[in-house]
Amino acid sequence: MCPQNKGRIRLAFDETIAAIITPPGEGGIAAVRIAGRRSRALLEKHFRAASRATEASAAVPFLMRYGQFLNPQGCAVDEVMAVFMPEGRSYTGLEQVELYCHGGREVVREILDNLLASGARAAEPGEFTRLAFLSGRIDLVHAEAVAEIIAANTSASFETAREHLIGAYSERIEKLRDELVEIMAQVEASIDFPEEEIDPAEGVKLVPSLDSIIVDIRELVDSYRGGRIIREGYKIAIAGRPNSGKSSLFNLMLRQERALVTETAGTTRDYLSEWVELDGFAVNLVDTAGLRARGGVIEKAGQKSAMKIIDEADLILWMFDICEKSWQKNLEADLKSLKHNLNLLLANKIDLLKNYSSHLTRLTEKSNLVFPISCLTGRGIKRLKKAIVSHINRSMPDLTSGVVVTSARHRQKLVSAIANLRKARSKLKAAESPELTAFDLRQAVSDIDEITGRIYTEEILARIFSKFCVGK
Ligand SMILES: Nc1nc2c(ncn2[C@@H]2O[C@H](COP(=O)(O)OP(=O)(O)OP(=O)(O)O)[C@@H](O)[C@H]2O)c(=O)[nH]1
Ligand SMILES: [Mg+2]
């Protein structure tokens, strides 16, 4: 997929690395991967085939062989299955062996220790995938998707990671790159052959093509908000004045007594954050300290963090106590000071009022945003949850269109590409020297190349692969 990386330095000449590639703990099977020039030699040193026929097929690629893994004294450590993959036809692109043993902590550890004692080096976190990238087998988007797919804990995050893995995203990025290179070629032609200098009118003709590329990239940048929600979950803040019942709602949604609930105003000092699943979505629910003018130093600090959470939230559940005498006046003031416009208004404690709806008449213009509820009896909670789910649905990107930016690194590169294209655009329009325009276009191409890894630095790789675990 990324032929330009072929032949780059990968491992030191005779280095061979090994790691356990299954999660720690007990399981039916555990696996160990060996990669590098001496993979097969290392296997043969420790492997005793169960039969002559198996013995004879040692060099057959992709054949699963059954036998025993021996320690240096010739004692069997475990029964294993082993498979050999030749250079160029493995995950890492290097000669590789995989061994499957019983899934006990000790047995797999002993097998790895034997391999290390025989000269293998312990693989670093993410090193196998890094090798796959460096050997040109996969691009950087694919490598990052491996981490995403491993970490995916909702069907939506799995879906986007899979799109990245199968290459739809890289294809879109490469298509953008091709279009840009096409424009750049036209601009550069006039540098190489000044006699064919693009006259100003010609340069301007390139502007619409450039504009359509900018629109395409912007669309990708805009998909990031949804991409972030897919990756990090949808963040909901429960906020409001003290004692309105925020922690009670938090506990109700979590179905456990997680937060302290008392009749004293100012009970919640610091925020509490938990994960809940709502209709298949991962939701990060945050209970915040009550907001009000009064309060001591600790309460004030809690209120500061509450404001920060409100700013970051995808949705705010603004709660008020409908039995409070001045709820209406307070609510008006609170809504004015809230910059955020994604609020659902929760009129809590309706169990204490006979005819709560008459109290809410003045809010009718916002009726689809007002939710009369009781955290005590659970009344109104179902309707509230339904509304939350429909808000989440609206913020989710259209997964069927396939391409969603989930990585902050990619977003940053795309934003930078747009800035460079805008510069190129204004130079084209002003009929400035083609060298200058070509420079901006080349910068934009570089931005895009850093996404797929056509261009990379050690720093970029270190940042990406530091998120991986050993064995990936
Ligand atoms: N009757 C009734 N009481 C409620 C309801 N919800 C909460 N309460 C009571 O209201 C009081 C305050 O509840 P909390 O959940 O601690 O309120 P809070 O908004 O988290 O308060 P702070 O953390 O101090 O800001 C407690 O005594 C709760 O039992 C409700 O729906 N009906
Ligand atoms: Mg509270």
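Visitor: Which residue stands opposite Ala 30 in S6?
Guide: In this model, which is predicted, Ala 30 has Cys 101 opposite it in S6. Ile 34, for its part, stands opposite Val 97 in S6.

Visitor: What makes strand S2 and S6 a pair?
Guide: Two strands pair if at least two bridges are found between them; strand S2 (residues 27-36) is joined to S6 by eight bridges, with the two running antiparallel, and therefore they qualify as a pair.

Visitor: What makes strand S5 a partner of S6 as well?
Guide: Strand S5 (residues 76-85) is joined to S6 by five bridges, again in an antiparallel arrangement, and since at least two bridges are asked for, S5 and S6 also pair. Within this pairing, Phe 84 has Val 97 in S6 as its bridge partner.

Visitor: Why is strand S6 called mostly covered?
Guide: A residue counts as buried if 20 or more other C-beta atoms lie within 10 Å of its own; in strand S6 (residues 96-103), six of the eight residues are buried, so the strand is described as mostly covered.

Visitor: In what order do the seven strands of the open sheet stand?
Guide: The order is S3-S4-S5-S6-S2-S1-S7, and the pairing in this open sheet is mixed. Strand S3 (47-49) and strand S7 (121-122) are at the edges because each has a single partner strand, which leaves one side of each without a neighbour in the sheet.

Visitor: Which strands does helix H3 touch as it packs on the sheet?
Guide: Helix H3 (residues 105-117) touches S1, S2, S4, S5, S6 and S7, and its direction makes about 65° with that of S5. Helix H1 (residues 39-46) lies across strand S1 (16-20), S2, S3, strand S4 (65-70), S5 and S6, and runs at about 130° to S2.

Visitor: Which residues come nearest to ligand 1?
Guide: A residue is near a molecule if its C-beta atom lies within 6 Å of it. Of the 22 residues around ligand 1, Gly 245, Ser 247, Ser 248, Thr 268 and Gly 290 come nearest. By class, this shell has twelve polar, six nonpolar and four charged residues, while helix H10 (residues 246-254) gives the most to the shell, with three residues.

Visitor: What are the domains of the protein chain?
Guide: The domain assignment gives domain 1 (3-139), domain 2 (154-227 + 403-452) and domain 3 (233-375), and the C-alpha centres of domain 2 and domain 3 lie 44 Å apart.

Technical notes. Residues numbered from 1 in each chain as written. Chains lettered and ligands numbered in written order. Predicted model: local features only at pLDDT ≥ 70, side-chain atom pairs only at ≥ 80, totals over all residues. Domains from an automatic or database assignment. Helix = DSSP H or I, 4+ residues; strand = E, 2+ residues; numbered from the N terminus. Nonpolar A, V, L, I, M, F, W, Y, C, P; charged D, E, K, R; others polar. Buried ≥ 20, exposed ≤ 12 C-beta atoms within 10 Å, placed from the backbone. Contact = placed C-beta atoms within 7 Å. Axes fitted to C-alpha atoms, helices over the stretch in contact; angles between N-to-C directions.
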